[in-house]
Amino acid sequence: MKQAKGEAVRKELLPGQSVALLKELHLIGRDGALQADSLRKLKQVNHLVQLLEPALRDAFERHPEAPVIVDAGAGNAYLGFVLYELFLKSGSSILYSVESRPDLAARAQERAKKLGFDRMKFIQAQVATEATAAGLPERIHVLTALHACDTATDDAIALGIRRNADHIAVVPCCQAEVAAQLKENPRQARAPWPSIWAHPIHRREAGAHLTNVVRALVLQSFGYQVTVTELTGWEHSLKNELILARRVHKEHFLARKELQALLDATGIKPKLVVEMQQELGLTQELPQ
Ligand SMILES: C[S@@+](CC[C@H](N)C(=O)[O-])C[C@H]1O[C@@H](n2cnc3c(N)ncnc32)[C@H](O)[C@@H]1O
């Protein structure tokens, strides 16, 4: 992908999105151009923002007092800054950015201060730890995670479920966990399953696919209605699967059964399932 300049930059902007913010985030350079990497990142963020808009509107309607939004594995917090500019500038809602790298969290916090984005809060911690939990309100309303590395996406989903998020939207990053399990433990699954992941490249893809299927089933088990879709064109991101979940029930028994059957058949135990085994009330032991 080439850089964008002039009119091509303006075409990338969402209604209400300012060049000034994108310059402050160093996505747009001093010359007013979007370099290829920045253009790719902006496309990912803006597509996610558009797909998140109905969830945000719903949260603002249901919790007009102060909806709480959490961005997990925030990195430079591009997504948070864009969401804040477009939806949070007025009102009293709070956006929490959770990021484990101290340098990134500190830099984003500085930027928020400079921009006067007062209700953007930063928690420098692993998504899964008590530190994250302590820094967040008991109830969150929208949880997002854009390319949170490997099992950090699982931690983000678990956090969202435990904090009763109305909406959870994750775009998973590269995944290695389940592919390694398939390699270590191929005998768990009966034929013809092992043929699906006999070769390393298939194992990687099958592992990533199974991980996301399990994530969707876990969310459904907790009463979320799940849509799995593309984030943006494949040319803008290879990690392009968006799992959008909206809570509509308390739980879903059939999804739990389906999840159990899939775990039994494949012999995998992804982090999200291990983490939430008790809450899921899985009837049988997870495979060893
Ligand atoms: C690929 S970057 C994506 C950043 C950002 N969401 C974006 O799309 O620009 C993933 C970020 O997640 C952070 N991260 C990874 N594991 C984490 C965890 N368990 N808790 C919090 N942050 C984590 C990394 O430090 C990194 O900044």
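This is a predicted model: local features need pLDDT of at least 70, side-chain atom pairs count only at pLDDT 80 or more; totals for chains, interfaces and linings use all residues.
**Figure 1. The residues around the ligand.** There are 15 residues around the ligand. Which of them come nearest? They are G73, E99, Q126, V127 and L146.

Figure 2. S93 lies in a loop. Helix α4 (78-88) stands on one side of that loop, and strand β2 (94-99) on the other. Is S93 buried or exposed? Its relative accessibility is 3%, so S93 counts as buried; the cut-off for buried is under 20%. Set aside the neighbours within four places in sequence, and S93 is in contact with F60, A66, P67, L88 and R119. Take P67 from that list. P67 and S93 are 26 residues apart in sequence, yet their C-alpha atoms are 4.9 Å apart in space.

**Figure 3. Helix α10 from end to end.** Helix α10 covers residues 200-221, which makes 22 residues. How far apart should its ends be? At 1.5 Å a residue, helix α10 should span 32 Å. Its end C-alpha atoms are 31 Å apart, which agrees. After α10 comes G223. The phi of G223 is positive, near 90°.

**Figure 4. The whole chain, for orientation.** The protein chain has 13 helices and seven strands. Its radius of gyration is 20 Å, close to the 19 Å that the globule rule gives for 288 residues, so the chain is as compact as a globular protein of that length. Along the principal axes, the C-alpha atoms fill a box of roughly 60 × 45 × 30 Å. Buried residues make up 52% of the 288 residues. Among contacts with a separation of 6 or more, 75% join residues 24 or more positions apart. The chain exposes about 13,900 Å², and carbon and sulfur atoms supply 52% of that area.

Methods:
Residues are numbered from 1 along each chain as its sequence is written. Side-chain values use heavy atoms; hydrogens and water are left out. Helices (H or I, at least four residues) and strands (E, at least two) are DSSP runs, numbered from the N terminus. The expected span of a helix is 1.5 Å times one less than its number of residues. Buried means under 20% relative accessible area, exposed over 50%, partly exposed in between (1.4 Å probe, protein chains only). Contact means heavy atoms within 4.5 Å. A residue is near a molecule or strand if one of its heavy atoms lies within 4 Å of it. The radius of gyration is taken over C-alpha atoms; the globule rule is 2.2 Å times the number of residues to the power 0.38. Accessible areas come from the Shrake-Rupley method with a 1.4 Å probe; for residues, only the protein chains shown count as cover.
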